[in-house]
Amino acid sequence: MATDATAEAGKSAGLPQLDFTTWPNQIFWLLVTLVVIYLVLSKVALPRIGAVLAERKGTITNDLAAAEELRQKAVEAERAFNEALATARAEAAKIVAAAKADIQKDLDAATAKADAEIAAKAADSEGKIAEIRAGALEAVEAVAKDTARELVTALGGSADARAVTAAVSARLKG
Amino acid sequence: MATGTEEHGGEAGGLAIHPMDQFIVKPLFRDIEPGTCVPADGITEGCVKWYEVTNVTLWMGIAVLVLIGLFVLSTRHRGIVPSRLQSVAELFYGFIHNMVEEVTGHEGAKFFPYVMTLFMFIFLANILGLIPMSFTTTSHIAVTAVLAMMVFLTVTLVGFWRKGIGFLSMFWVSSAPLILRPVLAVIEVISYFVRPLSHSIRLGGNLMAGHAVIKVFAGFAGVMGVASIVPIAGIAAVYGLEVLVAAVQAYVFTILTCVYLRDAVGDAHH
């Protein structure tokens, strides 16, 4: 019992850390643990995590590159669109100008034709008017001669048809 | 960090606080009779055998399982968009990978799995040790000393293998005046050999002290009645600090490993 007591006392008083009888056990299990941890980490975990991180980095880089590419494409598309728009506008302007020119030509032709017709009609009408006027003058002369003869007769004179006519003609010319 | 009292009925009564009992290495499947392990007297049947399954085995095994869950199961989908656990695993990966690359340089990158092993083991053991009733494997000098010696031997062997006898030039401070160089060389050599000691005791001591303090507070809380609110508040505060210490000590151990590795693989900065 004396040894028990001293051993117990020694065990309680001393640090368990300095109980060297337990060291082989601790060191053995520590080495087993470290070997297991090393194998798990170096064979499985670390390559896997490294691959995941590399893959993630690659994915992000690829996505950024793809986004940049798409942006370039969008810019390109916008440029092409603007170009097409400008071309279409120019084309439209050209067509409008051509149509305008065509219409102008037709209009000019029609105007010229109408002018010519108007001129012809005017000339025709002028001829007719002149004719009518001439007709009217003759009628005036005849009416004047008739009237003069009637007047001479009514006044009691004997109307010499030739003399009256000559007199009226002289007056009309006068 | 056991908060219950352990079997010490045979001892004298009074304020029975045993803050160090939480660090005792015990076999899982048998009880050890007190006094059956006194190697000096030739009594060894009560000693813990080197191959025996102990609480050390249990908690190191739990650390391995957590590691597998965190790093293997969570990453099995290899998600481009990570799940929560996978992003935690990636966080650790990125953190240690950057540390190795920045501190040891590009040459040190092939030590990444090695450094990652050290960091994850220490970090998980520290954090798991904060679970009440658990056993903190990294609070034992046996464990931290082996870790530190592994780093020391790796640095020394890799240094001589890569640089040959030129590795010794790190002790010869060429930027100092010639007359001081032998003195500085002696100091450098001593500091080089003290490295594993400080490296291991810094880690083990920090964890042991914090856990012992919590246990002392817990002992007071058990006998103070209503006033035990004070030690309980103390436990909460120290526990918060211990969470910080658990992470920081894992970080410190790892970054020092990287700094030492730089001596072996990088250009000497002395």
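Let's start in the loop between helix 3 and helix 4 of chain B, where Met133(B) sits. This is a predicted model, so keep that in mind throughout. Met133(B) is not a glycine, yet its phi is positive, about 75 degrees. Most residues other than glycine have a negative phi. Is Met133(B) buried or exposed? Exposed: Met133(B) has 9 other C-beta atoms within 10 Å, and the cut-off for exposed is 12 or fewer.

There is another one to look at. Arg78(B) lies in the loop between helix 1 and helix 2 of chain B. Its phi is near 50 degrees, again positive in a residue other than glycine. Arg78(B) counts as partly exposed, because it has 13 C-beta neighbours inside 10 Å.

Now step back to chain B as a whole. How many helices and strands does chain B have? Six helices, zero strands. From the N terminus on, the order is α-α-α-α-α-α. Along the principal axes, the C-alpha atoms of chain B fill a box of roughly 65 × 55 × 40 Å. Chain B has 270 residues, and 33% of them count as buried. Take the contacts in chain B between residues at least 6 apart in sequence: 67% of those join residues at least 24 apart.

Next, confidence. The model scores ipTM 0.87 and pTM 0.73. Chain B averages a pLDDT of 88, and 93% of the residues score at least 70. In chain B, which helix has the highest confidence? Helix 3, residues 112-128, at a mean of 96. The lowest is helix 5, residues 181-223, at 91. Where pLDDT is low, the predicted coordinates should not be read in detail.

On to the core. The largest nonpolar core has 59 residues. The residues with the most contacts inside it are Val115(B), Phe119(B), Met120(B), Phe121(B) and Ile122(B). Which elements supply at least two residues each? From chain B, helix 1 (55-73), helix 2 (84-104), helix 3, helix 4 (141-163), helix 5 and helix 6 (229-265). From chain A, helix 2. The largest share, twelve residues, comes from helix 3 of chain B.

Zoom in on Phe121(B). Leave aside its neighbours within four places in sequence. Phe121(B) is then in contact with Thr33(A), Leu34(A) and Ile37(A) from chain A, and with Ala63(B) from chain B.

That takes us to the interface. The contact takes 36 residues from chain A and 44 residues from chain B. On the chain A side, helix 1 (2-13) and helix 2 (23-154) each supply at least two residues. Helix 2 of chain A gives the largest share, 26 residues. What is the make-up of the chain A side? It divides into 21 nonpolar, ten polar and five charged residues.

While we are on helix 2 of chain A, look at Ala51(A), which is in that helix. Ala51(A) counts as exposed, with 12 C-beta neighbours inside 10 Å. Its C-alpha atom is separated by 16 Å from that of Asn62(A), eleven residues apart along the chain.

Back in chain B, one helix pair. Helix 2 and helix 6 of chain B pack at an angle of about 40 degrees, with their axes 8 Å apart. The crossing is right-handed. Helix 2 of chain B brings Ile96(B), Met99(B), Val100(B), Val103(B) and Thr104(B) to the contact. Helix 6 of chain B brings Thr254(B), Ile255(B), Cys258(B), Val259(B), Leu261(B), Arg262(B) and Val265(B). These residues divide into nine nonpolar, two polar and one charged.

Last stop: the segment before helix 1 of chain B, the place of Ile32(B). What does Ile32(B) touch, not counting residues up to four places away in sequence? Pro27(B), Cys37(B) and Gly46(B). The C-alpha atoms of Ile32(B) and Glu45(B) are separated by 8.9 Å, and the two are 13 residues apart along the chain. Ile32(B) counts as partly exposed, because it has 16 C-beta neighbours inside 10 Å.

Notes
Residues numbered from 1 in each chain as written. Chains lettered and ligands numbered in written order. Predicted model: local features only at pLDDT ≥ 70, side-chain atom pairs only at ≥ 80, totals over all residues. Contact = placed C-beta atoms within 7 Å. Helix = DSSP H or I, 4+ residues; strand = E, 2+ residues; numbered from the N terminus. Nonpolar A, V, L, I, M, F, W, Y, C, P; charged D, E, K, R; others polar. pLDDT = per-residue confidence, 0-100. Buried ≥ 20, exposed ≤ 12 C-beta atoms within 10 Å, placed from the backbone. Core = buried A, V, L, I, M, F, W, Y, C linked by C-beta atoms within 7 Å. Axes fitted to C-alpha atoms, helices over the stretch in contact; angles between N-to-C directions. Left-handed = near helix turned anticlockwise from the far one by under 90°.
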